[in-house]
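Please read these notes with the model open beside them.

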Amino acid sequence: MAGKPTCLVCQKEMVRGFLIDLGHMNTIAMPRWCEGEPEASFWSGEAKRAQVKEGVKVVAFRCPECEALRLYAPSAE
C-alpha cells in the first residue's frame, strides 16, 4: 500500500480509519468505521496475545463521496 488510495468507484482520495466491533460477551454488533488511528485503552483489548503477535492490523479507508471501504493489511506501518 503506497500513500493514500483513491476510490475505485469515483476516483476521490480516501480517508484512513479503522473498524471496531462494539459487541461484548454474547452480544453481536455490526462493525463500525472510525476515522483516524485507534488509541490504546486499559479497558479494551484487541485479541489474545498469541493472535495479536501473529496477525496483521487492518487499515480501512473510506471514500467521502460514495462511502465505499477499502481494507488493507500492511505488513509494516
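Is C7 buried or exposed?

1. C7 counts as buried, because its relative accessibility is 3%; buried means under 20% relative accessible area, exposed over 50%, and partly exposed in between (1.4 Å probe, protein chains only). C10, at 26% relative accessibility, counts as partly exposed.

2. On the basis of these notes: this is a predicted model, in which local features need pLDDT of at least 70 and side-chain atom pairs count only at pLDDT 80 or more, while totals for chains, interfaces and linings use all residues. Residues are numbered from 1 along each chain as its sequence is written, and side-chain values use heavy atoms, with hydrogens and water left out.

3. How many disulfides does the structure hold? There are 0, a disulfide being a pair of cysteine sulfur atoms within 2.5 Å. For C7, the closest cysteine sulfur is that of C66, at 3.5 Å, which is too far for a bond. For C10, the closest cysteine sulfur belongs to C63 and lies 3.3 Å away, again too far for a bond.

4. The strand order in the open sheet of 4 strands is β2-β1-β3-β4, and the pairing is antiparallel. β2 (32-35) and β4 (69-72) are the edge strands; each has a single partner strand, so one side of each lacks a neighbour in the sheet. On average, neighbouring strands of this sheet are turned by 40° against each other, direction ignored. Here strands (E, at least two residues) are DSSP runs numbered from the N terminus, and two strands pair if DSSP finds at least two bridges between them. The axes behind the angle are lines fitted to C-alpha atoms, and angles run from 0 to 180 degrees between N-to-C directions.

5. Strand β3 (residues 59-62) is joined to antiparallel β4 by 4 bridges. A60 stands opposite L71 in β4, and R62 stands opposite L69. The two strands form a hairpin with 6 residues between them, and E67 in the turn has a positive phi of about 70°.

6. Strand β1 (residues 15-20) runs antiparallel to β3, with 3 bridges between them. V15 has R62 as its bridge partner in β3.

7. The structure holds 1 aromatic pair. The ring centres of F61 and Y72 are 5.9 Å apart and the planes stand at 90°, so the pair is edge-to-face. Rings of Phe, Tyr and Trp (its six-membered ring) pair if their centres lie within 6.5 Å; planes under 30 degrees apart count as stacked, over 60 as edge-to-face and the rest as tilted. F61 lies in strand β3 and Y72 in strand β4, 11 residues apart. F61 counts as buried, at 2% relative accessibility.
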